[in-house]
Amino acid sequence: MTVLDAALLDRVRRRVASSGAPVTAAAVAAALRAEGGALRGDAELLPVLRLLQSEITGAGPLEPLLRDPMVTDVLVNACDDVWVDRGSGLERVAVRFADDLAVRRLAQRLAAPTGRRLDDAQPWVDARLADGVRLHAVLPPIATGGTCLSLRVPRTRVFTLDELVAAGSVPVDGAALLARLVESRAAFLVTGGTGTGKTTLLSALLSLVSMGDRLLLVEDAGELAPAHPHVVRLEARPPNLEGAGAVTLRDLVRQALRMRPDRVVVGEVRGAEVVDLLAALNTGHEGGCGTLHANSARDVPARLEALAAVAGLGRDALHSQLASGLRVAVHLVRGRDGQRRVAEVCALARGADGLVRAEPAWSWDGLAGAGSRGAGWVLLDELLSLP
């Protein structure tokens with residue numbers, strides 16, 4: 001097969017871009033011929049055109065990885081250091097870039113349609129691409145080893161709770177407990193570290209919500225995809241190149257409350273929006289939920305304290321809102337073998353000192369056939385009791 005050198009590829013890219021015409025196979029073939037690129041027969045035409053189109057409009061050498069239905073993350077640490085996650089942990093792949101400049105060009109090209117700046121003056125970017133892929137890039141010299149790219153691929157299908165049981169992510173008794181949690185309309189958070197499956201589990205649980213409920217999803221980048229007939233999605237927007245036009249999660253939570261929601265869902269609670277979410281949960285909006293990064297369920301109150309402090313809400317006020325608004329924390333972990341699982345369910349209860357604590361009610365080590373009940377089980381059972 002014909003090998004396209006970087007100089008030829010760059011000339012073809014510039015010629016296609018300057019034409020202003022749609023990037024079609026015909027346009028790429030014409031630009032290739034105009035720049036002196038020769039193909040030895042029709043058998044070479046299709047693969048070369050695909051390569052050029054991926055370089056010009058796609059993700060270049062990363063395109064096949066992004067199309068792999070098993071891949072959830074693509075990570076570029078350097079031009080010759082590319083990793084993927086296919087659900088069982090990170091693995092190095094043989095994909096290579098010509099040099100760091102090629103990685104930098106790809107990062108800048110992916111960022112450009114999102115309206116985000118990526119250059120020496122603004123050496124990092126966090127954006128969502130048109131196909132839903134989450135892009136994060138950091139340029140040298142901030143990234144000392146070369147341009148770094150992180151691409152998070154959205155799930156194209158929603159797993160049911162039964163499928164998560166079959167996959168070993170939750171035992172049968174745990175699935176029954178989670179289904180009961182959704183039915184009870186108790187407010188809850190799905191917690192865990194990065195890549196533990198928080199969004200996957202929350203989508204599965206939201207798919208169990210009564211068909212008559214109206215779901216308002218508020219997200220920084222659209223990832224939740226519940227199988228439900230009545231879903232309204234609101235997505236945050238970063239500022240433009242002039243630094244104007246930003247729409248924050250906090251803005252969206254406030255708007256969601258005016259849209260007659262039955263359940264308000266914050267895809268990821270990570271800032272001042274926690275204040276508005278807790279306010280909503282204390283003013284008659286039952287069944288609210290979201291995800292939160294936390295090391296354990298016991299850390300949830302402390303994490304919420306830190307987030308609320310950014311919004312100017314004091315510790316006592318936060319715990320007062322928390323005590324009457326949020327009921328349960330469902331914590332996930334990811335084992336060294338890459339297996340994601342529900343590890344613990346805690347009831348959130350206020351102690352004599354006025355502070356809310358996470359009381360372990362159910363836990364699972366991933367090995368036993370069923371989970372075990374903890375000291376907080378009686379409280380959780382009471383919280384989830386249906387009228």
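Mentor: Phe188, Leu189, Val269, Val274, Leu277, Leu278, Leu281, Gly288, Cys289, Gly290, Leu304 and Leu326 line the largest cavity. A cavity here is a set of points, on a 1 Å grid over the protein atoms alone, where a 1.4 Å probe fits but cannot get out, and lining residues have an atom within 4 Å of a point. This is a predicted model, in which local features need pLDDT of at least 70 and side-chain atom pairs count only at pLDDT 80 or more, while totals for chains, interfaces and linings use all residues. Residues are numbered from 1 along each chain as its sequence is written, and side-chain values use heavy atoms, with hydrogens and water left out.

The volume of the largest cavity is about 60 Å³, where a volume is the space filled by probe spheres set on the points, and grid points are joined across faces, edges and corners. β7 (188-192), α10 and β11 (289-293) each supply at least two residues of its lining; helices (H or I, at least four residues) and strands (E, at least two) are DSSP runs, numbered from the N terminus. The most comes from α10, with four residues. By class the lining has 10 nonpolar, two polar and no charged residues, with Ala, Val, Leu, Ile, Met, Phe, Trp, Tyr, Cys and Pro counted as nonpolar, Asp, Glu, Lys and Arg as charged, and the others, Gly among them, as polar.

Now the core. In the largest nonpolar core, of 36 residues, Val269, Val274, Leu304 and Leu326 touch the most other members. Helix α10 (residues 273-281) gives the most to this core, with five residues. Such a core is a set of buried Ala, Val, Leu, Ile, Met, Phe, Trp, Tyr and Cys residues joined through side-chain atoms within 4.5 Å, buried being under 20% relative accessible area, exposed over 50% and partly exposed in between (1.4 Å probe, protein chains only). Leaving out residues up to four places away in sequence, Leu304 touches Leu189, Val274, Leu292, Leu318, Leu322 and Leu326, contact meaning heavy atoms within 4.5 Å.

Leu189 also touches Ala329, a residue of strand β12 (residues 328-334). Ala329 is buried, with a relative accessible area of 0%, and its C-alpha atom is separated by 5.2 Å from that of Cys346, 17 residues apart along the chain.

For contrast, the second largest cavity has a volume of about 40 Å³. Its lining divides into three nonpolar, two polar and four charged residues, and includes Arg128, Arg134, Arg152 and Glu223.

Technical notes
On a 1 Å grid over the protein atoms alone, a cavity is a set of points where a 1.4 Å probe fits but cannot get out, and a pocket is an open set with protein on both sides within 12 Å along at least five of seven lines; lining residues have an atom within 4 Å of a point.
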